[in-house]
Amino acid sequence: MVDVALQQMEAMLRALMSTDNAVRNQAEEALAQARQAPDSLFSALIAMLRSNQDEQVRSLAAVLLRKEIIRLLAQSADAQGVTVSTQVKALLKSELLACIEQEPQRSIRKKASDVVGQLAINIMSNDPSGWPELFPWMLEGTRSTNVPLHEAALAIFNTLSEFIAEKMAAHHGMLLDVFRSSLQAQQELSVRNAALRALASFLMALSEPSQRVPFQELVPLMLQTISDALARGMEDECREALEVFVEVAESQTKFLKRHLAECVTGMIAIASNTSLDDSLRHLALEFLLTIAEGAPTLARKMPRFCADTVPVALAMMLELECDTAQELQEWEDEDEDEEDEAAAEEA
């Protein structure tokens, strides 16, 4: 019977990915019917995630697990959900952590980390001790030399940032240690960026400015992540880090106050470097614009903020990447540099 149920689940997942609307609609009806037996549904989905050889099937199983956890567990006054048995909840906890440890595909590990975070939110919101193994597992992951495990643990910290900010104030010092060690230069950039994302989420979740003060010491390490990514030519990683800086500047400008001069100097250097990808330069300019709009007093106190920022914005407005008459004509016809111009004009 178990094998039949798993075969039916695999067939349903494949049908949900079909480009045929009729097939997909039938699969959605089958999923709605499967929700009537949540223990069987969760058991089959976790089995697909853990054992199916097809990456697409495993990926969809993770996505559905997260959606079904949100749907079922959030609808109950009991955060653990009265319609899911204790045995199946225990199965989910253990198998999800095992999946993160053993899944070879990064994208699927990320989805599994999202499932863990969502499951933890629902379980621990009403019962903070409902998953006692989780935080020790996460801390061990951040101390591990296993890069995928370290990255996954930080992704879960990111998802749980509000819970940690509100319910675990006594452990904020521990989290500072986690971020500090994860942002060190010897860590892989994927780990450092995961730490940046988790840190930004945590800072935004804190209710009191005084709670953010101890974390200001991390800003130089945050900046060094951008510098190291640029030095290694890893523009995707640099882009991720810059996006975090813009997010922090928009929501927590004062957090950057102690190190704002260094931040501005670095962003001007990036925005003025025409050899870099335009998206990186736009993000750096967006950071500068955010500071000018959100903290004008701080900006005015920096003697060269306007003197250095305005020429960069003007230069970006005037940039044309046209080496021949034909390329110039194409630009005139298609407005290829409209994005550069729009960003600079806003600044």
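**Overview. The protein is built from helices, with zero strands.** The predicted model has 20 helices. Of its 347 residues, 47% count as buried. The accessible surface comes to about 17,100 Å², and carbon and sulfur atoms account for 50% of that area. Among contacts with a separation of 6 or more, 67% join residues 24 or more positions apart.

**View 1. Helix 11 covers residues 189-205.** This helix has 17 residues. From its first C-alpha to its last it reaches 24 Å, close to the 24 Å expected at 1.5 Å a residue. Helix 11 is largely enclosed by the rest of the structure, because 14 of its 17 residues are buried.

**View 2. The largest nonpolar core contains 112 residues.** Leu13, Phe157, Leu256 and Phe287 touch the most other members of this core. Helix 11 gives the most to the core, with 11 residues. In soluble globular proteins, nonpolar side chains tend to be buried together.

**View 3. Leu13 is one of the core residues that touch the most other members.** Its neighbours within four places in sequence are left aside here. Beyond them, Leu13 is in contact with Leu45, Met48 and Val57, and also with Leu60, Ala61 and Leu64.

**View 4. A nonpolar patch lies on the surface.** Val310, Leu314, Met317 and Leu318 form the patch, and together they have about 380 Å² of accessible area. Leu318 sits in the loop between helix 18 (305-317) and helix 19 (325-334). Its relative accessibility is 70%, so Leu318 counts as exposed; the cut-off for exposed is over 50%.

Technical notes
Residues are numbered from 1 along each chain as its sequence is written. This is a predicted model: local features need pLDDT of at least 70, side-chain atom pairs count only at pLDDT 80 or more; totals for chains, interfaces and linings use all residues. Side-chain values use heavy atoms; hydrogens and water are left out. Helices (H or I, at least four residues) and strands (E, at least two) are DSSP runs, numbered from the N terminus. The expected span of a helix is 1.5 Å times one less than its number of residues. Buried means under 20% relative accessible area, exposed over 50%, partly exposed in between (1.4 Å probe, protein chains only). Patches are made of residues with over 30% relative accessible area and no salt bridge: like charges are joined within 9 Å, nonpolar side chains (Val, Leu, Ile, Met, Phe, Trp, Tyr) within 5 Å. Accessible areas come from the Shrake-Rupley method with a 1.4 Å probe; for residues, only the protein chains shown count as cover. A salt bridge is a side-chain nitrogen of Lys or Arg within 4 Å of a carboxyl oxygen of Asp or Glu. A nonpolar core is a set of buried Ala, Val, Leu, Ile, Met, Phe, Trp, Tyr and Cys residues joined through side-chain atoms within 4.5 Å. Contact means heavy atoms within 4.5 Å.
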